[in-house]
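Please read this briefing alongside the sequence and the structure, which are displayed just below.

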Amino acid sequence: MSDPTLVDENSTKPPTAKDPGGQLLVTPAGTVVVSTDAMLSSVDALRALQAELLIDLRRALAADAVWDGMPITDVVPAIERARELCDRGRETIARAAAEYTSAEQTLAALQHELGARVASLLGPAVFGLLLSLVVSNPVLLMAVALGGRAAISDDRDGKLEALQDFFRDHPELITSPEFVRFVSVVSTSIDDAVPHPFGLPLGPNGGAEAGAVTLIALGSTLGMFKETSVVAERTSTTTGGSAPVGSRDRLDRVPEDELVRIEKYEAPGQPPRYAVFIGPTETFSPFADQEPRDMTSNVHGVAGLSPAALRGVEQAMADAGISRDAEVQVVGFSQGGLIATMIAGSGDWNVVGVETFGAPAGSVPLPEGIAGLAIRNTDDFIPALGGPQRDSNLVQVEREAYAGDAPIVTDEVVPAHQRTAYERTATAIDAAGSSTIRQQTATLDAFATDYLDAPGGTATVMTYDATRVDGLTRVR
Amino acid sequence: MPPAPVDPVAVRQALERQLALLSMIVEHLRAAVAAPSPMHATEWRGRAADQAAEFAVELRARLRDAEHVTDDTVRHVRLQIAMLS
């Protein structure tokens, strides 16, 4: 057999009428190598077959070694030939994945270098233009993209509505992996365009973090992105309920209209565990008002600062009785995913599991040993606003929400970032065959089922909302 | 020097032990040949699909070859046992 390249980087699973999405791309924790779920499933199956053939081999050798028996000469080489082919298949898949990843990384590096150079050359000369294009439009773009619904009405001059209409009419312009790459370049080049605008210290690693700091500095001249104090209040407490099982079930528990839902799991003789489900952006004005789930929290979160949404969630966690030692699992969609990742990366909580959907959290480092998945649609540019993925301690799962020639819906502004798009991706993850994904989802499932399936296990569900207060005072 | 005396009981026991081990191998290989391809061929597209299919065919051929070789050996062992009767 010729040496095969078992992955075709141009291939995608054909979209179906129900699910227009492509195949799952998986980057196991601790690596930067991207594989498809099918590739990893094949590797798993080949490894399992090899293990079984090894048992056959040992039996054949044992048979050959039987004293007074007949010589067994041909069996061992025949089994060895099959085993050797399994090895070759696995190596070929691994090599194909590495080559694909290397090509992607080279392309991304070139684009980022080019973006930075162009930005630094243009910076002083066209500062005014950048203010409108790099600052205003990305903010408006983020606003439209993060929402994509009628709630976007708090703009001051009608630009949001115009942009919203434009992107609704042309969803293909912003629903592609190529556009996502472009956004990633822009988000990590803003600070190159504005070298030392206000003398503010930029993030230590540059990139999206520094770009967001620059945005805050520029926006502050227009009254944008001003952080405030925040107060979280419990809105409901109920007892009972089932354990979340599967990525789709967990996504379904992420609140849409409240800041956070906290589920407390108790089992006799065990310390309580908590699952924290954090909601997405609620309002899209860059001018902070009472709602902490806003653009100010998004930009401050990407900048690695202390957004009100994060502080509100942490207040809720403290009110729910979560101690610093209690085991916590955090789940979030969009801004909620960013906040979830920040909580996990802070070291202030004993987070043992993380699951995020479409979170602009690529620059947030996580400690090793946390179970979970960072899930992104490759044609959703919102995660790219957080810059390229740097952390490699969490399994990354990506998927094109609208693969191939699948028609893109036109009644939503950023289709690939909508909850419905991530619901389909979550369903695909629940059907994944590779052990890389299955092990993570099984661990996340067990966090609640270990307790609630035990005799006497109980769940308490608390929901919280939060309000910005004292708009002129920065906290922390 | 005369050849060592053959203990027919010991030889039978040895052959039956070999038969048991080899039969388990045949059983597994037969199942492996009949099992779906580990390459999940429906997930591949374009040139990759062709190569995955080729790989699956070659793997199945090697498994079948191993099964035939082991099955032949099983038959020889059975024959030896029958000759002892």
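Why does Asp72(B) count as partly exposed? Asp72(B) has 13 other C-beta atoms within 10 Å and is therefore partly exposed, given that a residue is buried if 20 or more other C-beta atoms lie within 10 Å of its own, exposed if 12 or fewer, and partly exposed in between, with C-beta atoms placed from the backbone. This is a predicted model, in which local features need pLDDT of at least 70 and side-chain atom pairs count only at pLDDT 80 or more, while totals for chains, interfaces and linings use all residues. Residues are numbered from 1 along each chain as its sequence is written, and chains are lettered from A and ligands numbered from 1 in the order in which they are written.

**Chain B as a whole**

- The secondary structure of chain B consists of 2 helices and 0 strands, where helices (H or I, at least four residues) and strands (E, at least two) are DSSP runs numbered from the N terminus.
- The radius of gyration of chain B is 20 Å, whereas a compact globule of 85 residues would have a value near 12 Å; the radius is taken over C-alpha atoms, and the globule rule is 2.2 Å times the number of residues to the power 0.38.
- Along its principal axes, the C-alpha trace of chain B spans about 70 × 25 × 15 Å.
- Of the 85 residues in chain B, 33% are buried.
- Among the contacts in chain B with a separation of 6 or more, 79% are between residues 24 or more positions apart, two residues being in contact if their C-beta atoms, placed from the backbone, lie within 7 Å.

- Gln18(B) is placed in helix H1 of chain B, and it counts as buried because it has 28 C-beta neighbours inside 10 Å.
- Leaving aside residues up to four places away in sequence, Gln18(B) touches Val77(B) and several residues of chain A, including Ala63(A), Val66(A) and Met70(A).
- Gln18(B) and His68(B) are 50 residues apart along the chain, and their C-alpha atoms are separated by 16 Å.

**Where the two chains meet**

- The contact between the chains takes 38 residues from chain B and 37 residues from chain A.
- On the side of chain B that touches chain A, helix H1 (8-34) and helix H2 (46-84) of chain B each supply at least two residues, and H2(B) gives the most, with 19 residues.
- That side of chain B has 21 nonpolar, 9 polar and 8 charged residues, where Ala, Val, Leu, Ile, Met, Phe, Trp, Tyr, Cys and Pro count as nonpolar, Asp, Glu, Lys and Arg as charged, and the others, Gly among them, as polar.

**Chain A and its domains**

- Chain A has 13 helices and 10 strands, and 52% of its 476 residues count as buried.
- The domain assignment divides chain A into domain 1 (21-39 + 114-470) and domain 2 (40-104), with bounds that come from an automatic or database domain assignment.
- In chain A, 12 residues of domain 1 are in contact with 11 residues of domain 2.
- Helix H1 (37-64) and helix H13 (435-452) of chain A are the elements that give two or more residues to the side of domain 1 that touches domain 2, and H1(A) gives the most, with 3 residues.

**A helix pair in chain A**

- Helix H10 (residues 308-319) and helix H11 (residues 335-346) of chain A pack at an angle of about 65°, with their axes 10 Å apart; the axes are lines fitted to C-alpha atoms, for helices over the stretch in contact, and angles run from 0 to 180 degrees between N-to-C directions.
- Ala309(A), Leu310(A) and Val313(A) in H10(A) meet residues of H11(A) that include Ile339(A) and Met342(A), and this contact is made up of 6 nonpolar, 1 polar and no charged residues.

**Positive phi in chain A**

- Ser334(A), which is not a glycine, has a positive phi of about 60°; it lies in the loop between strand E6 (327-333) and H11 of chain A and counts as buried, with 29 C-beta neighbours inside 10 Å.
- Asp68(A) has a positive phi near 75° and is found in the loop between H1 and helix H2 (75-122) of chain A, where it is partly exposed, with 16 other C-beta atoms within 10 Å.
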